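User: Please take a close look at one helix and its surroundings. Then move on to how the two chains meet.

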Amino acid sequence: MLSAQRLDDNPCRPRHFKPPPCAPVIADGAAAEFLDTTRTRLLLAASLFALIFIVVAGRLIDVVAMADGANDTRVARSHLVVPPPPVRADIVDRNGTLLATNLDSPALYVDSKTMLQAGEDPEAAARAITAALPDLSPADIRAKLASGKSFAYLTRSLTPRQEYAINNLGIPGVEFERGEKRRYPLGDLVAHVVGYCSVDNIGQAGLERGLNPAIKGSGKPVTLALDARVQFVLKDELQQVITQFNAKGAAGIIMNVHTGEIVAMASLPDFDPNHPPTTDPKRETADDKDRIFNKITSGEYELGSVFKIFNTAMALDNNVATMTSTFDARNPITIGRFTIEDYHGKHRILSVPEIFAYSSNIGSARMAVAAGAQRQRDFLGKLGLLEPVPIEFDKVEVARPHFPAPSAWREVNVMTIAFGHGIAVTPLHMITATAAMINGGILHPPTMLRVPDGAKVPGVRVISAKTSDQLRKLMRLVVEFGTAKLAAAPGYVVGGKTGTAEKNVGGHYEEKRLLSSFIGAFPMNDPQYVILTLVDEPHGNKESHGYATAGWTVAPATSRIIQRIAPLLGVAPVDEKSPTIVNALQIESLAGKKLEYN
Amino acid sequence: MKWPGGAFWIAVAFAAGVGNYAVKQMVQGLDDDLTNVRKKIVAEQKQIHDLTAEWTYLNQPELLADLNRRYLGLVPIAPKQERGGIDEIAMRAAPPIPPGVPEMPGVVTVSMPTPPTKLAATAVPASTSAPAAPAPPQTADKTKPISLDTLFEQAAGSR
């Protein structure tokens with residue numbers, strides 16, 4: 001302290017400089033004790049830190065040198081464990097049955113460079129691989145293995161068994177690439193509805209194509225209105241019709257009349273979406289084209305007499321005719337180069353119900369002429385028959401109807417359109433518009449997706465409830481007394497309309513090449529479902545007395561379909577002779593009148 | 001006087017450190033368990049998904065129909081068997097409980113209805129030996145449920 005005071009006394013010392021003491025300060029007494037305590041604390045702290053470092057070092061050795069599988073979970077801890085999102089969402093039917101899903105299916109590729117560097121013989125490796133995968137071409141595999149390239153696919157899809165077999169070969173450079181493949185567990189049952197995907201999981205046809213963004217984006221299953229059980233019944237019966245009548249093909253569709261939900265849709269011949277036919281124009285055969293073609297959405301047909309439903313509805317709804325109106329059907333109509341005559345000719349004046357029940361072309365043509373071209377065009381337009389049907393399929397798979405231009409819609413067109421010739425629409429058009437004719441008069445857009453219970457269904461009124469009621473009675477009449485008596489299914493009050501159209505081949509109608517169709521609904525006292533079945537070029541047989549018309553081909557099939565699907569769809573049978581039902585479907589003008597059977 | 005105080009705080013700090021370390025280890029352990037359980041769930045979900053696909057494949061309606069044709073001979077329900085809806089068809093009465101078997105509360109024994117095939121011929125006598133519910137006459141009120149046996153007998157009679 002004294003020496004410090006002395007230094008401060010020096011007037012020349014710079015004010016900012018304070019020299020250290022010249023001699024060490026010897027601690028004694030309290031200072032010595034303080035130093036001792038500090039040293040002890042320092043020692044303790046150093047020991048503690050040393051201990052910590054030893055623990056850390058030990059742990060490091062444990063992690064690095066003595067690591068085992070248990071540490072893997074610590075690495076994974078920072079990640080949230082969630083299943084990887086599917087490449088494409090599942091497609092399920094209305095009951096949750098899986099229609100399309102993705103399953104693991106690794107691809108096999110070769111790094112030829114690595115393989116050759118490892119001294120592997122490409123010839124022997126190719127032999128081993130083709131022994132495990134016999135579908136592959138040995139020459140092709142050999143060429144890829146010997147190419148020297150660092151990447152070449154050998155196959156894009158392996159089953160677990162094949163993967164195991166290839167893995168067991170242990171060939172260096174032959175590697176697996178994780179991947180998923182679209183699978184269709186029900187095979188060809190839902191071929192045209194669901195469609196199929198490319199190897200890159202891009203929808204190529206059906207709803208896989210139409211709903212591609214939704215299926216790829218959401219990850220949530222897409223629930224269809226389709227019922228796989230009903231679909232099976234429809235397809236089974238259509239297949240029977242093809243076999244029985246040696247037909248070229250057949251198609252069918254079933255729709256809920258109140259929601260527009262399509263519960264079944266089949267087009268035969270079809271294909272297995274797990275192995276779809278090629279669409280490569282160079283390799284595609286006529287058979288491939290035929291199998292992949294969806295007659296329901298892509299096929300446009302002149303459907304014939306089933307169109308009389310719309311013709312009659314137009315006349316009744318526009319007050320052009322009533323149920324008691326009559327039209328002269330005594331003689332064929334000759335107009336231009338056409339002669340319009342009746343297949344089941346009565347050669348007399350017929351009332352509206354008789355024209356419908358006997359499917360009179362002459363009567364229908366006269367009814368249409370009475371309404372006029374403008375009304376006819378407006379009415380068909382209102383039913384959506386002059387534009388593509390709005391549905392979830394891609395627009396390339398939904399055909400645009402064919403009909404005369406307004407300027408060319410002459411009287412002859414009015415007459416032929418009355419009985420379904422001179423206008424070509426898809427079966428989907430036909431069923432959608434027919435549903436509106438019998439459900440009380442509301443046109444609902446058709447949908448392949450399930451409508452949730454209680455959801456509001458879009459719809460627009462196209463005919464009055466009274467006209468709709470009259471059409472129910474007329475359609476019931478056709479099954480009771482008309483051309484479709486074989487469509488009757490006891491207990492289910494079936495109604496409908498037959499149509500047997502000659503196919504237009506190269507601008508000529510061919511008498512022997514028919515398209516027979518039947519559109520039916522049940523139960524007619526309170527319609528729930530409508531069914532359209534059609535068969536392409538059927539041939540009459542012994543059972544049908546040589547006939548290939550709708551009444552002998554698809555009408556009986558519809559009866560069988562209804563009897564099989566009604567319990568599945570929850571439609572209970574009723575007593576068709578009960579006064580309530582008889583009165584509901586009684587045509588007043590025919591009460592007490594004996595109708596002629598065809 | 002300062003040494004015991006220091007020792008106390010060192011002990012507290014050490015105990016807190018050890019406690020903290022133990023809790024952290026426990027949490028890590030639980031976290032690992034959770035991760036493992038989640039991994040198992042994901043793996044099982046994938047297995048369920050694959051099995052669902054396989055189950056659907058094995059239950060193709062066409063395949064089931066073929067198996068039925070070969071082994072069972074079941075036929076679709078005829079409308080006359082289904083007056084008033086499937087739900088209204090009465091189930092066959094349960095067989096009597098043998099003496100000595102304790103009655104389980106809340107358990108209802110229901111025997112499956114027999115299809116109208118040749119199997120039915122062997123099933124009918126068995127049901128007649130049991131004290132089945134009295135079958136209503138054929139002209140019974142249609143609003144009342146009719147037993148399935150009666151319906152099948154009617155169906156067999158009409159064929």
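Analyst: Start with helix H16 of chain A, residues 373-382, in this predicted model. Its buried residues are Gln376(A), Arg377(A), Phe379(A) and Leu380(A). Why do they share a side of H16(A)? Because they span an arc of only 165° around the axis, they lie on the same side of H16(A). The spacing fits a general rule. An α-helix has 3.6 residues a turn, so residues three or four places apart point the same way.

Next, the cover. The buried residues of H16(A) are covered by elements of chain A that include helix H13 (308-317) and helix H15 (361-371). Helix H17 (411-418) and helix H18 (427-438) are also among them. Just after H16(A), Gly384(A) adopts a positive phi of about 80°.

Now the interface. On chain B, 31 residues are in contact with 31 residues of chain A. The two chains bury about 2600 Å² between them. Carbon and sulfur atoms give 65% of that area.

On the chain B side, helix H1 (2-58) and helix H2 (61-72) each supply at least two of the residues that touch chain A. H1(B) gives the largest share, 18 residues. By class, the side of chain B that touches chain A holds 11 nonpolar, 10 polar and 10 charged residues.

Methods. Residues are numbered from 1 along each chain as its sequence is written. Chains are lettered from A and ligands numbered from 1 in the order in which they are written. This is a predicted model: local features need pLDDT of at least 70, side-chain atom pairs count only at pLDDT 80 or more; totals for chains, interfaces and linings use all residues. Side-chain values use heavy atoms; hydrogens and water are left out. Contact means heavy atoms within 4.5 Å. Buried area is the accessible area (1.4 Å probe) that two parts lose on being put together, summed over both. Helices (H or I, at least four residues) and strands (E, at least two) are DSSP runs, numbered from the N terminus. Ala, Val, Leu, Ile, Met, Phe, Trp, Tyr, Cys and Pro count as nonpolar, Asp, Glu, Lys and Arg as charged, and the others, Gly among them, as polar. Buried means under 20% relative accessible area, exposed over 50%, partly exposed in between (1.4 Å probe, protein chains only). The arc is that of the directions from the helix axis to the C-beta atoms.
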